[in-house]
Amino acid sequence: MKWIVITKTFFVSSLLGILLIACIKKFDAPPLYTGTNLKANTSIKSLYDSHLAGNYEKFMDNEIITGVVTANDANDNFYKTIVLQDSTAAISIRMDGFGLSANYPLGIRLIIKLNGMWMGEYGGMLQLAGGVDRSDPLFTELIPVPAALFSKHFVAVSKDIIPMPLDVTYNQLNDSLHSRLVRLNNIEFDIKDTAKFFGDAINKLTTSHSLKFCGGGTVYLRTSGFASFASIRTPKGSGSITGIYSEFGSQRQLMIRDTSDVQFNQNRCVFNGPSVLFFEDFEQYTPNQSIAIPPWSNIAESGKQFYQVQSFQNNRVASITALGTNETTVVSWLILPAIQLNNSTGEQLSFLTRDAFDNGAGLQILISNNYDGKGQPWNARWFSLNATIAKGAIGGISSVFTKSGNINLSNYAGLVHIAFKYTGSDTGPLASRKNTNYWVDDVKITAQ
Amino acid sequence: MRILFFFFGLIQTVVFAQPPPKLELLKSKNQWVDSNLDKDGWKYFQDQYTNESSLNEGDEESTFIPSLLQSGKDLFSSLTGFSFSIRRFRMKGLSNRYFSQSIHEISMNQLSDGNIPWVNWGGLNEVTSNNQYAAGLKDNEFQFGALGNAVFMQLNASKLFPQTTVSLNLSNRNYHQRFAFTKVWSENKNGWSFASSFAFKQGIGGVIKANEFKGASYFLSIDKRLRNQLFSLVLLGNRQVNTRAAAITQEVVQLANSKQYQPVWGYQSSKIRNASWQFNHHPMLILSHEFNLHEKIKQVSTLLLSSGEKYTTALDWYNAIDPRPDYYRYLPSFYSDSLLKQNVLSQIQLNPSQLQIDWDQLYWINQNSTSDKRARYLLEDRVEQSKKIVLNTRYRIQLTNQLLISFQGQYRKEAYTYFKRINDLLGAAYSMNWNHFAEDNLPNSTAIQNDLNHPNQIVGQGDTFGYSYKMLLSQWLIMSQALYTMPKFDFNAAIEYTSTLYQREGNYRNGVFPQNSYGLSEPNYFNNGQIKVGVIYKLNGRNYFYFRTAFSSKPPLVNDLYISPRISSLKQLDISNERAYMAEAGYILNAPKLKITLNGYWINIYNAMDVMSFYHDGYRNLVNYALSDIGSKMVGLEFSMAVSLNGRVTFNSAISAGKFVYHGRPNYIVMADNEPYISEKGFLYIDQFPVTGLPQLALYNGFTYRSNSNLFLNLSSSYMGNQWLSFNPIRRTYDAAQNLPIHLDVDQITRPNNLPNAFILDFSAGYSCRIKKFRDGSAYYLQFFLGVNNLMNQSIITGGYEQLRFDLPGGDVNKFPNKYYYSLGTLYSLSVKCKL
């Protein structure tokens, strides 16, 4: 009797045990994400349109945008930032997290519920962020979106196609392309920036390299020292480069996501070809020194005032002013190297000028057929060229560069010299002084 | 307050030390129950839960070893073991390696970490209670013993109480049901005895929502007696899988509005899934042979073979945001901007699921972040596989009636393999065997290769990755002991010598340490000894006085020797043996109605070593703090008393009051896992700091009512105070003090943090009855035990630690605030035991 009970108990207990110890169940993968009902109710471009320069704006009206991620921190070149682009524009989003590329891979369609977020500028670029740090009233800045709020604002929808980069030329680079994925063609690294490390991986500093369009114009490639490709060297050839366009101050910048964005498979640009006869943007010269570029002439006819390289907002220019000379007459010449016009047709000159504290000093653009290049231009015969020169910035620095317009040089032939001639004075009552400061930049002569 | 309680205890001592009434303690018998039933039954019942707190908590806290109550022979520990375990009380403030537990004379303490792997025989409470207990330096028959205490477990079938029992436990603890079946046959006429026991435990949910527990344990013991020899075979094991709990900060307690909040789980497709698991299964086979060579000489030999695996499971991630929902950057306190702080707070309040792991999101990321589905997140097993073989022989020689001497020789070899294994790729297709931490520091080099012998290895589920190495440990031991008995005095002396060999063998050639990671390392040899002497003065059969002293030298634990054995064989610079001096004196009163033990001790430890490893997101890497030349000192008093007020009510009281401090200034070095150089070194300014992790003052008072031995009721209170949080060494360095912003007082970062004092009430009851009697005289008995722990339903802090990261530039101790473990509130357990 007792044995039967025991035996039964034993069997029952064994059974019970097998049930209890049944393996820890394996987890299935969750079902695929089936989408969201959210719909965008505004475009990225309309964010730009509603933004007042210099302001910080908070989103209060349940604005929703959508777009495709075109850049993220996958290679650590972009730091705590992703870039979102829709069909109208693109914008950078500052997010407080590492490894954002996991949540927001390239090509993912993202919906952003903007309510509660902020937008504002960083170096002139509009960005979306989580807040504004006003603890230092003189230096307010955006605060990235806290990681705890990612799920509140960001909804990843599905894989989408990364938008084709927009092919743009140097002249097409403008503010509306901020944060856009662009492709620059016929471009190469400046010769001094070839075979250099993309970034400074040792000191973890951001590095700028000059990219020169074969047709003239400089764009800067910015690369973080943390980028995984920082210690790869820049290629020597020319070709096309894809990246996110940005501006810092007035400097045009590009950031790549990966070195595969750089396709410099052709030989370097050939400069003696018909397109660009001459180009100078002064970027390679030391600021606050008189211009001493060998074939150029920098001549003070009167008043001992020379053209200087100056740097403003990371942009270098040639600058001239009579201010501070105390001279009755200040006449200064900046003469370009001699240009041979016989080998080309349809030559055009263009440049940028910018004035500051304009009180009537003059800047002329002159051309000469018979200047001998020996340092006494006043002995030669010069013709004035019809160019638009900046003027009117009475109380400060003009906010923009003035384009000269395309100046036709096809009426001229043979070896010519082109000169900037400044005329001013710095004596007498303040009202009669003419000491306007002029900046000259991006001097370019092209041919057909 | 503390002093008040102390005096309260003393007054009670005096009051109750009066001659008790004329009734005998624990002696009354009843024909309906077998004699030891209620006492032992209650003890089994308690044992199940005493170790429990250590089994489910995270690995940040060193494994907690409960003080022992398995024997019931030592009044102090049988009274306090259960109640004090909530605060991880350790007797005398000693570290784990000074407590020892043996099975058939083989010490279970592991050479690797000094710990006793309780879980290996967990759940077999019905058969693991045949113990002998030696408190402190008390002599024992088997081994040298330990400074703290030593327990000797006998599992021979012929030495177990013949029984057939079926037990069912119900509880709201981390397991909810336990079912056990035990059968011990008495020795048959051919000299064979058998014993077996099986137990199953399980639990899902409960106080902690994501709790899950599954365990099965088995036991088989066969004895064969052959004239003067006894051959034994014991096979036992416990296979257990359970979730672990993590310590949490006060901030998340407030955010979640619960002290039972746990960050280590989340919903996956609306099912609860836990990320933090542990598994353990170490079957043991023990063969032993007792041989009475001569009427005065006994030889006992034991061979132990054991092999098994344990692992803990955790999330691993690479180039992705931290999946832990309580990561400090996700919490409001991280933000200085008040608006953002408010935004984050309301976001979490509106979406409480944000405080849990978002498994669906992890899967989504793994499947969408790259086209080839490389894993950003994965679940890893941190595996420790071990193989042990131990051979032990002891001779017990009764030279004369007064003199007993014994000799012991032991050889043990333990081989541990440590590696990481992919448990689940969480929807990803593959992972790379790369060290992503090294990616940042040494880009585009071979440093990212975890194994240069197999570079760019693609790994999938079940594959080894990360690290893989073996620890080969072996030890020779010889011991001799003498016990000399005289009418008024007993003398004992023991001396032990050990020779230990440690060697690491790397299975991987690590990219950061290609020269010293693969293959066998330089071995380390340690020669150590221990010696103890003691004397007992026997005033009469009831009053005993004793004095004992010991010197002990132990090799450093191998886990404290290698700075980061996961990736290299680099060792600490300053390697030394750990030395301990101890003296204790005491008084024992063993009267029928009054039992008192009083023990005072003094212990001084020198040259201990320690290594702590943790993830530092400033370094974005695993960082190791290696400490050496740690000194500590423990002075204290243990008192316990049981007084029978009348035949039915017993009053029990116990006090442990000690001062446990570190002395001197240990050396420290800091080394990150991905950099082959020492980044910081110096001294720790921790002279006179309290030893942490246990109450230095603990009081127990309880009343037990017992009627006719088939009912007992016990109500007890415990008070635990003077407890400090495990501290972060880096806050007590010269560098930390020098870097402190000028307006901050250095005391703010160096002062030890104490835990609030705890006062808890426990209740227990037992009842037994006979349900059926057979003609042959045997009968069925039913026993009930109920334990209610923490009657006042407090969620007290049971332990915790200062985070090992520290805001060095800001000096803000609250940037990485302290983390705490909380008790679960009132816990009940009901046990029904049927004796067939």
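User: What percentage of the 836 residues of chain B count as buried?

Analyst: This is a predicted model, in which local features need pLDDT of at least 70, side-chain atom pairs count only at pLDDT 80 or more, and totals for chains, interfaces and linings use all residues. Residues are numbered from 1 along each chain as its sequence is written, while chains are lettered from A and ligands numbered from 1 in the order in which they are written. A residue is buried if 20 or more other C-beta atoms, placed from the backbone, lie within 10 Å of its own; it is exposed if 12 or fewer do, and partly exposed in between. Of the 836 residues of chain B, the buried share is 51%.

User: How many helices and strands are there in chain B?

Analyst: Helices (H or I, at least four residues) and strands (E, at least two) are DSSP runs, numbered from the N terminus. By that count, chain B has eleven helices and 37 strands.

User: What is the radius of gyration of chain B?

Analyst: The radius of gyration is taken over C-alpha atoms, and the globule rule is 2.2 Å times the number of residues to the power 0.38. The C-alpha atoms of chain B fill a box of roughly 80 × 55 × 55 Å along the principal axes. A compact globule of 836 residues would come near 28 Å, and chain B agrees with 27 Å.

User: Why is chain A described as more spread out than a compact globule?

Analyst: Chain A has four helices and 32 strands. For its 448 residues the globule rule gives 22 Å, but the radius of gyration is well over that, so chain A is more spread out than a compact globule, at 31 Å.

User: What box do the C-alpha atoms of chain A fill?

Analyst: Chain A is divided into domain 1 (44–159), domain 2 (166–269) and domain 3 (277–446); such bounds come from an automatic or database domain assignment. The centres of domain 1 and domain 3 of chain A, taken over C-alpha atoms, are 43 Å apart. Along the principal axes, the box is roughly 135 × 50 × 40 Å.

User: Which residues is Ile82(A) in contact with, leaving aside its neighbours within four places in sequence?

Analyst: Two residues are in contact if their C-beta atoms, placed from the backbone, lie within 7 Å. With the sequence neighbours left aside, the partners of Ile82(A) are Val69(A), Ala71(A), Asn72(A), Ile93(A), Met95(A), Leu100(A) and Tyr104(A).

User: Which residues of helix 6 of chain B are exposed on its other side?

Analyst: Helix 6 (residues 338–350) of chain B has 13 residues and reaches 18 Å from first C-alpha to last, close to the 18 Å expected at 1.5 Å a residue, a span of 1.5 Å times one less than the number of residues. Its buried residues are Leu340(B), Asn343(B), Val344(B), Gln347(B) and Ile348(B). They cover an arc of only 125° around the axis, so they sit on the same side of helix 6; the arc is that of the directions from the helix axis to the C-beta atoms. On the other side, the exposed residues are Ser338(B), Gln342(B) and Leu350(B).

User: Which helix of chain B do the buried residues of helix 6 pack against?

Analyst: Some of the packing is against chain A: strand 8 (131–133), strand 9 (141–143), strand 10 (145–146) and helix 4 (150–153). In chain B, the partner is helix 5 (250–256).

User: Is His153(A) buried or exposed?

Analyst: His153(A) lies in helix 4 of chain A. With 23 other C-beta atoms within 10 Å, His153(A) is buried.

User: How many residues of helix 4 (residues 75–84) of chain B are buried?

Analyst: The buried residues of this helix include Leu75(B), Phe76(B) and Phe84(B). Helix 4 of chain B is largely enclosed by the rest of the structure, because the buried count is ten of the ten.
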